[in-house]
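Here is a friendly walk through a structure that may be new to you. Have a look at the picture first, and then we'll go through it piece by piece.

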Amino acid sequence: MNKRKIEETFFKGLMHAATIVIVGSLFLILWTVVSKGFHAFNWDMVSKVPEGGFYIGKGGGILNAIIGSVYITVGSALLGLVISIPVVLYLNVYSKKGSRFASATRLAFDVLFGIPSIVYGAFGFTIMVFFGLKTSLLAGIITVTLLIIPILVRAMDEVVRVIPFELSDAAYSLGATRWETAKVLLRQSVPGIITALLLSFGRAIGDAACVLFTAGYTDNIPTSLHQPTATLPLAIFFQLSSPIPEVQERAYAAALILTVIVLIISIAAKYFSKKFSKNKI
Amino acid sequence: MNIRIVKDKAVKNIFLLLTVSSVLLVVLIFIGLYYKSVPILHSTSLSHLLFSSEWKPSKAQFGFAAFIAGTLWVTLIAIVIALPLSLLCAIYLSQYAPRRLTRFLNPLIDLLSGIPPVVYGVWGVLVVVPFIQEHVAPHFVEYSSGYSVLAGGVVLAIMIFPLIINILGEVFANVPKELSEASLSIGATQWQTIKYVLLKKSRPGIVAAVVLAISRAFGETIAVLMVCGNIPESPHSVFDSCYPLPALIANNYGEMMSVPLYDSALMFAALILFVIIFLFNAGSRIILNRLERRMN
């Protein structure tokens with residue numbers, strides 16, 4: 001065989017192997033989490049808060065952490081939308097095409113997107129100290145909002161950007177103002193907004209480093225914004241570092257719960273973005 | 001003036017205000033962290049902070065060298081593992097794989113990026129750490145607990161696969177088709193075309209992808225914290241434990257308010273992370289934007 005052919009076959013083989021390793025690692029992770037977690041899972045986990053002696057292996061569940069995570073995720077996503085939708089509309093409707101301000105803003109959000117959550121957590125902590133806040137649901141929501149704003153802006157910007165310019169031209173030619181045109185564009189990108197929202201859910205619910213500093217940890221379900229709250233990633237983290245096998249087992253079950261939630265969210269996000277591409281005008 | 005126009009102007013100003021203030025977050029993070037690190041910068045010189053490995057918070061000795069070394073080691077291992085694999089995978093997906101297969105594989109790779117860091121950590125503790133302890137380390141060193149630089153590197157490598165593959169996919173898509181076609185038409189094999197045309201043309205993009213991956217690896221906290229042992233000494237081999245900067249910040253948030261200067265030292269650690277990651281991100285994004293603009 002020709003030397004060039006051998007080289008081609010060799011590298012093609014390597015590529016197959018690399019792809020198998022990468023996809024295989026996903027299945028390996030999922031398999032580990034499911035097999036370990038399923039074994040330790042029971043319905044008390046998702047229906048009860050920790051009872052006395054929970055951390056030495058006695059009864060109870062992690063409902064406090066599940067509810068806490070949901071509060072933080074939903075709260076920060078709503079707050080994040082209120083801030084990021086105007087940003088996206090400003091970039092796409094009000095600023096001129098190819099303006100320096102718009103491209104600098106996009107660059108800034110790309111950079112913010114890359115800032116790790118531990119830095120947001122530390123920053124959130126300095127804000128808390130500055131304003132004299134204690135670790136609380138509110139502080140957690142604010143910090144996670146900072147974390148997901150870049151995600152929301154980038155994801156929605158991608159969708160609003162590709163809306164055909166004929167649509168806004170049609171609105172303008174009917175005499176609409178920019179604000180009225182923005183509302184038309186917003187309506188057109190609802191599925192994209194939902195996808196962005198789901199993406200930010202997935203990131204917010206799985207993030208531990210942000211809430212570590214700001215939301216605290218408690219065995220109760222918070223009843224006001226000023227109380228601390230438990231979160232799922234931290235529940236996993238703390239239980240795994242326990243020396244008691246029963247408590248570690250619970251960490252596996254909690255990891256399974258978190259993984260299932262995140263998988264459902266990502267599949268829903270895929271579904272909505274597909275639906276969006278079908279409705280393209 | 002017409003009420004609609006007034007409304008339009010008002011909305012414009014509110015939107016502009018929100019846009020500017022959210023961009024200013026970058027500056028605000030820097031100022032906030034710097035403000036908190038001023039006390040430690042006053043008490044200890046910058047070079048001592050960065051190059052001394054004396055870490056005794058109770059005696060007000062804060063030297064970050066061991067933690068910086070830990071971060072660099074883990075990141076290096078992660079990139080060494082992730083780059084060749086992701087590069088090969090990205091080439092395969094963009095050049096060889098039939099469309100139906102890419103449509104099946106891309107969502108799976110996206111799923112990999114959706115898995116929360118803490119779940120990677122659990123997996124690392126359950127699978128990677130024991131595997132290194134029992135099957136890998138005994139061939140090289142006398143004893144390793146498995147909680148090591150290597151474990152952190154492996155877990156991180158898997159976490160940055162999707163990032164590198166996605167960016168490389170975009171970079172490859174931006175290489176003009178005509179170039180590859182010209183190469184194929186003069187008789188080059190597909191691999192030769194990839195080697196001499198595709199990879200050559202996308203070199204800046206590959207560099208940018210690697211830099212982005214490095215900055216992601218730098219900042220990853222929980223997953224690495226769970227598997228790398230957290231012993232504040234510079235590692236001597238990949239089987240030694242290490243203690244990266246983000247892990248240091250996350251592990252000590254509880255006690256930092258009770259020791260003087262401790263909180264300031266940890267915020268300084270966050271500032272180091274922020275500055276490095278900011279520079280890396282901005283640089284690579286500018287390269288990537290330029291590549292995209294050249295294509296359009």
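How many salt bridges does the rule find across the interface of chain A and chain B? The rule finds four there, where a salt bridge is a side-chain nitrogen of Lys or Arg within 4 Å of a carboxyl oxygen of Asp or Glu.

## Before we start

This is a predicted model, in which local features need pLDDT of at least 70 and side-chain atom pairs count only at pLDDT 80 or more, while totals for chains, interfaces and linings use all residues. Residues are numbered from 1 along each chain as its sequence is written, chains are lettered from A and ligands numbered from 1 in the order in which they are written, and side-chain values use heavy atoms, with hydrogens and water left out.

## Chain A on its own

Chain A has 12 helices and zero strands; helices (H or I, at least four residues) and strands (E, at least two) are DSSP runs, numbered from the N terminus. Its C-alpha atoms fill a box of roughly 70 × 70 × 35 Å, taken along the principal axes.

## Where the two chains meet

The contact (heavy atoms within 4.5 Å) takes in 75 residues of chain A and 77 residues of chain B. About 7,100 Å² is buried between the chains, and carbon and sulfur atoms give 80% of that. Buried area here is the accessible area (1.4 Å probe) that two parts lose on being put together, summed over both. Met15(A), Ile22(A) and Ile29(A) supply 9% of the area that chain A buries against chain B, more than any other three residues.

Now for the polar side of things. Between the chains there are 16 residue pairs in polar contact, both at pLDDT 80 or more. That term means a pair of N or O atoms within 3.5 Å; within protein, one must be able to donate a hydrogen and the other to accept it, and residues adjacent in sequence count only if both atoms are side-chain atoms. Helix H1 (residues 3–40) of chain A gives 22 residues, the largest share of the side of chain A that touches chain B.

## One salt bridge up close

Over all chains, the structure holds 10 salt bridges. Lys195(B) sits in helix H9 (residues 190–201) of chain B and Glu7(A) in helix H1 of chain A, so this pair joins two chains. The closest N and O atoms of Lys195(B) and Glu7(A) are 2.7 Å apart.

## A look at Asn230(B)

Asn230(B) is in the loop between helix H11 (222–227) and helix H12 (245–251) of chain B. Its phi is near 55°, a positive value in a residue other than glycine.

What does the side chain of Asn230(B) reach at 3.1 Å? The answer is the backbone oxygen of Leu225(B). Not counting residues up to four places away in sequence, Asn230(B) touches Leu225(B), Cys242(B), Tyr243(B), Ala247(B) and Asn251(B). Asn230(B) and Val149(B) are 81 residues apart in sequence, and their C-alpha atoms are 9.9 Å apart in space.
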